[in-house]
Amino acid sequence: MPMQAHAGFPSSLVHGALAGSGARRGGGLRVLGISGLQGSGKSTLAAQVVEAAAGAGLRAASLSLDDVYLTAARRQALAREVHPLLATRGPPGTHDLPLALATIDALRDGGTPALPRFDKLGDDRLPLEAWPVPPGPLDLLVVEGWCLAVPAEEAPALDEPLNALEREEDPDGTWRRWCNASLRVDYPPLWARIDALWFLQPPDFDIVGTWRWQQEQALERAQPGRRGMDRAGLERFIQHYERISRQALRTLPALADRTIVLDAARIPAG
């Protein structure tokens, strides 16, 4: 029997995340970061924390790192100018970091900027008029992302290809070195805006294919008539993320304020 889509995390964990964020009414913006590999339940937990915050009388919203992908046109330009693999959203260097920083900083200043949103099936950013606008200054912003707070690798680790994608489409390492340099130089200012970091730790990288396939099917069910990736396309897509996903597994348990160990059904240990 296929695994079911994620049904949500226990309320005790959700309220623990809310408490751990340090958010309080009128206390200024707090940013809770939720990091985790693809399909680990980041957006589910973020939505639950936002709901719990509202129940506690706090103004809260969520922002995914996915929401600030570069537009398709800008990624196509990178593909022409740097490397063809940069047409694919996801790896470091394919996010609009100035947009992310400007949005968080405006919220920190008590503003109510529109929150970016991305259409994954359309593979492009939604138009500005489709972005939600907070009804007032926020007490809590939950930021979630697959590579959130992951440190760059050391240069020697990039010498050998990790998978078929790297061997066949990045044999000289141009793409992976460019992404790693972006992760080292461009992303730390965003990580610095996170006040508390939680990491959803899967049993291993191999489960990501199953979890991400569930996500793709859920996207299609939510938008009938639109088609996402087939299984072969998805397996290739995941290889774009493998290197940094494995780096996350190596490093984030020691960096996060709290690590939630998940089993293959995304049930927290303990």
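Helices (H or I, at least four residues) and strands (E, at least two) are DSSP runs here, numbered from the N terminus. This is a predicted model, where local features need pLDDT of at least 70 and side-chain atom pairs count only at pLDDT 80 or more, while totals for chains, interfaces and linings use all residues. Residues are numbered from 1 along each chain as its sequence is written, and side-chain values use heavy atoms, leaving out hydrogens and water.

Start with the sheet. Select its five strands: the sheet is open, with parallel pairing, in the order β2-β5-β1-β6-β7 (two strands pair if DSSP finds at least two bridges between them). The edges are β2 (60-64) and β7 (258-261); each has a single partner strand, so one side of each is left without a neighbour in the sheet.

Zoom in on β2 and β5 (residues 140-145), which share five bridges in the parallel sense. Pick A61 and you'll find L141 of β5 opposite.

Now jump to helix α4, residues 97-108. Its 12 residues should span 16 Å at 1.5 Å a residue, and the end C-alpha atoms are 16 Å apart, which agrees (the expected span is 1.5 Å times one less than the number of residues). At the N-terminal end, select D96: this cap has a side-chain oxygen 3.1 Å from the backbone nitrogen of L99.

Key:
A polar contact is a pair of N or O atoms within 3.5 Å; within protein, one must be able to donate a hydrogen and the other to accept it, and residues adjacent in sequence count only if both atoms are side-chain atoms.
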